[in-house]
Amino acid sequence: MAGSSQLPRSFAARMAGWLGPEFPAFEAALTAYRAGLRVNTLKVTPEEFRSRSPFALASVPWCPEGFVFTDSGARPGAHPFYYAGLYYPQDLATMAAALLLDPRPGEWVLDLCAAPGGKASHLAARMGNTGCLVANEIQPRRASVLAWNLERMGVTNALITNESPQRLAARWAGWFDRVLIDAPCSGEALLVRNPGAARYWSPETVIRCARRELAVLEEGARLVRPGGRLLYATCSFSPEENEGVVHRFLRHHREFELVEPPPALRFDRGHPEWLPDGAGELERAVRLWPQRGEGHGHFYALLRRREGPAPRRKPAPLPPLSPEARDRYLEFCREYLRELPVPEEEVVEQGNELFRPPLSPKAWEGLRVLRPGWWLGRVRKGRFEPNHALAVALDPGRARQVHDFAPEDRALRSYLRGEALEARTPPGWVLVTVGGFSLGWARGEEGRLRSLYPYHLRATMRELWASERARGGP
């Protein structure tokens with residue numbers, strides 16, 4: 001091993017022992033990382049996006065909505081299509097999660113460790129925004145990032161929770177058709193890109209992570225209904241965290257079995273021979289490797305819970321809206337929309353805020369819920385004020401008043417900065433779009449268009465533009 005390696009020496013030695021002659025290519029691939037992008041099929045087809053993409057892209061053969069940037073200078077977070085939720089910058093290896101778990105429209109799905117939201121938004125897209133997606137994150141700050149990303153991507157079927165796996169399992173045991181556990185791990189696939197993690201990596205860290213991962217898997221398994229599926233994932237390579245955790249879990253949970261991955265996803269299989277007591281069934285696990293062009297690397301194990309008696313899900317009816325909230329909501333919809341985005345009987349009140357939840361409030365009473373569903377707006381000063389989340393998930397064809405910007409229009413930057421523009425727009429609420437895709441709200445006022453783009457997003461855009469100017473961009 002070269003002394004210039006960016007990998008911890010003990011980690012490099014372990015990987016060289018397992019990979020043999022493939023190790024130099026593995027090490028080089030971790031350093032020469034190629035970023036990926038997943039098209040949000042809730043808003044645009046992969047074919048349409050590619051025809052209008054501002055970036056040079058190459059297709060990912062095994063993921064129809066996946067692409068790789070062929071231009072290393074691409075800045076996907078600085079383009080307005082990003083804020084319209086047309087895509088999610090995402091590592092290729094993480095795109096395999098939704099393909100392996102394969103959620104279906106109308107199902108109940110749980111992403112137990114969901115931040116920052118790449119996998120969760122992919123699950124929602126595969127579900128067609130139907131059924132119930134619970135996106136959970138135990139860390140409060142990361143849960144806020146998760147909420148923003150799901151909002152940006154136009155996800156409307158998600159309940160976002162900030163809870164421990166134990167509390168969720170105690171409340172919802174046996175409820176979910178599919179559960180994803182992207183377990184907190186040693187992050188070996190990210191060591192080159194995260195010097196801090198590299199400094200603290202050690203074989204002892206791997207063992208501690210494996211214990212924690214097994215505990216999370218034990219709790220997550222309780223949430224799967226009989227006949228349901230559970231996908232265990234890490235972004236680490238060590239067998240102790242991967243095949244080892246699955247092996248120890250299966251020894252004590254005969255109600256679960258490892259499932260063969262779909263033939264179309266021809267990734268590397270699991271490596272039970274890397275364990276002192278590995279069982280042959282562990283070959284059904286899946287490994288993605290950077291040197292084979294599969295992102296920064298990942299491990300997956302798809303498990304099925306055997307059939308048996310299932311606890312009954314008891315969805316309670318939604319509480320009715322107050323007359324004031326119902327009337328103000330319907331007034332807004334009649335004046336500014338061509339049809340109701342959500343029937344009034346599917347809307348609930350939380351304080352003065354209105355949401356469309358995928359579950360009755362009775363189902364999550366007492367749990368820490370960051371976002372109970374699609375945030376529609378609030379009733380304030382005798383009127384309904386639509387939320388940004390309603391705008392970015394709204395089909396522009398449903399809005400009566402639309403102001404569209406071309407992506408390259410410099411006036412769009414003024415809107416995103418929160419500035420007012422001269423515009424011949426009717427008074428009242430206006431849906432702002434970019435290239436025909438929903439972006440946010442504005443108000444038409446006496447020949448002006450007053451931006452209502454959220455304050456926290458305006459600051460982010462200013463930082464991105466400052467960075468672009470420093471790089472010599474427009």
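Student: How many cavities of 30 Å³ or more does the structure hold?

Tutor: This is a predicted model, where local features need pLDDT of at least 70, side-chain atom pairs count only at pLDDT 80 or more, and totals for chains, interfaces and linings use all residues. Residues are numbered from 1 along each chain as its sequence is written, and side-chain values use heavy atoms, without hydrogens and water. A cavity is a set of points on a 1 Å grid over the protein atoms alone where a 1.4 Å probe fits but cannot get out; lining residues have an atom within 4 Å of a point. Counting those of 30 Å³ or more, the number of cavities is 2.

Student: What is the volume of the largest cavity?

Tutor: A volume is the space filled by probe spheres set on the grid points, which are joined across faces, edges and corners. For the largest cavity it is about 110 Å³.

Student: Of the 15 residues that line the largest cavity, which are the closest to its centre?

Tutor: The lining divides into 9 nonpolar, 4 polar and 2 charged residues. Closest to the centre are L150, E151, V155, R371 and G373.

Student: Which element supplies the largest share of the lining of the largest cavity?

Tutor: α7 (140–152), β7 (158–161), β17 (374–380) and α13 (388–393) each give at least two residues. The largest share, 3 residues, comes from α7.

Student: Which strand gives the largest share of the lining of the second largest cavity?

Tutor: This cavity holds about 30 Å³ of space. Its lining includes Y300, A301 and L302. The largest share, 3 residues, is from strand β13 (residues 298–305).

Note on methods. 1 Å grid on protein atoms, 1.4 Å probe; cavity = no way out; pocket = protein on both sides within 12 Å on 5 of 7 lines; lining within 4 Å. Helix = DSSP H or I, 4+ residues; strand = E, 2+ residues; numbered from the N terminus. Nonpolar A, V, L, I, M, F, W, Y, C, P; charged D, E, K, R; others polar.
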